[in-house]
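This report examines selected features of a predicted model.

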Amino acid sequence: MTTHQTGMLDVVTIGEAMAMFVARETGDLAAAETFVKRAAGAELNVAIGLARLGLKVGWVSRVGDDTFGRFICQQLDKEGIDHQQVACDKRYPTGFQLKSKVDDGSDPLVEYFRKGSAASHLSVEDFNHDYFGSARHLHLSGVAAAISDSSLALLKHTAKEMRARGKTISFDPNLRPVLWRSENEMRKQLNHLAEYADWVLPGENEGLILTGHRQPEAIADFYLDKGVKAVVIKTGCDGAWFKTAEGEKGQVEAILVDNVVDTVGAGDGFAVGVISALLEGKTLPQAIRRGNKIGSLAIQVIGDSEGLPTRQQLGEY
């Protein structure tokens, strides 16, 4: 188990990790016979990406007392991620997922087996005041908000506490409509959570669903009016558009790639770039440029985190 001295964490995040089995053969997932095992989870991907860039990262969750839970903890150790606040729950299992292999740049099919998982039983009781207080930044995603009412309550409580202590907060809506009771409930809860954040990072389509606005500036203004300091909207092949509370705005061009292998994880890679750069004191356009770069690396490999670079691999960004 990795530990750091109090006051030494750069970033802390909360989420669910699952064992992921990626088909080796393209085509119908039901026909696939061989799979590669990986660890998956939006917040875990961000934690891995930040740790590879040299930041000290803590990840808070629950895993089952089972093989998949041990596998996830082994991956955390391998990546140097602090997991002293990951509880091993003897009552509930670790979730897993199956993912199809595609070779045409389309989104792969993902089937989840996560209902009633250990992580879905995260609650305010998992909030350790000293542990969260030892980090300078909190990253949250809409996935952990969606897995259960008690997990959502933990995210709200943590965001409120971290904001009161003057920490910076980033929020990626990461919409998972299938996990919510209704789209209205999803919109209401995620927009409420976004109000605690300094930096909000929606995709263009997510922005439309959450705010009712199609234009990036209107999406940004929706959150800026609620006290957010900067909004960065992922605009696909065009890159990303941003606006700050001070009125700075603009587009940062995408980094185009020749061969898109797997689109899953691109948004997490983007978040890694933006968060790491802003914590280093870079400007927002510089941070988005790094986000675009890491996102472009993420979509060129199979798996959610294989493409996330080390500091050396990142180069000039």
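## Strand pairing and the open sheet

M20 has R38, in β3, as its bridge partner. The strands concerned are β2, residues 18-26, and β3, which pair in the antiparallel sense over six bridges. In general, the strands of a sheet pair through backbone hydrogen bonds, in either a parallel or an antiparallel manner.

The open sheet consists of four strands with mixed pairing, arranged in the order β3-β2-β6-β7. Its edges are β3 (35-40) and β7 (110-113), each of which pairs on one side only. On average, and with direction ignored, neighbouring strands of this sheet are turned by 20° against each other.

Helix α2, comprising residues 67-79, lies across β2, β3 and β6 (96-101). The helix α2 runs at about 90° to β2.

For helix α6, residues 183-194, the twelve residues should span 16 Å at 1.5 Å a residue. The end C-alpha atoms of α6 are 16 Å apart, which again agrees.

Helix α9 is mostly covered, with twelve of its 14 residues buried. The buried residues of α9 include F270, V272, V274, I275, L278 and L279, together with D268 and S276. In α6, the buried residues are E185, M186, Q189, L190, N191, L193 and A194. After α9 comes G281, whose phi is positive, near 90°.

## The loop residue N174

N174 is located in the loop between β9 (168-172) and α6. Its phi is near 40°, a positive value in a residue other than glycine. Is N174 buried or exposed? The relative accessible area of N174 is 10%; because this falls under the 20% limit, N174 counts as buried.

## Cysteines

How many disulfides does the model contain? The count comes to zero when a disulfide requires two cysteine sulfur atoms within 2.5 Å. For C73, the closest cysteine sulfur is that of C88, at 7.2 Å, and this separation is too far for a bond.

C237 has a relative accessibility of 68%. Because the limit for an exposed residue is over 50%, C237 counts as exposed.

Technical notes:
Residues are numbered from 1 along each chain as its sequence is written. This is a predicted model: local features need pLDDT of at least 70, side-chain atom pairs count only at pLDDT 80 or more; totals for chains, interfaces and linings use all residues. Side-chain values use heavy atoms; hydrogens and water are left out. Buried means under 20% relative accessible area, exposed over 50%, partly exposed in between (1.4 Å probe, protein chains only). Helices (H or I, at least four residues) and strands (E, at least two) are DSSP runs, numbered from the N terminus. The expected span of a helix is 1.5 Å times one less than its number of residues. Two strands pair if DSSP finds at least two bridges between them. Axes are lines fitted to C-alpha atoms, for helices over the stretch in contact, and angles run from 0 to 180 degrees between N-to-C directions. Contact means heavy atoms within 4.5 Å.
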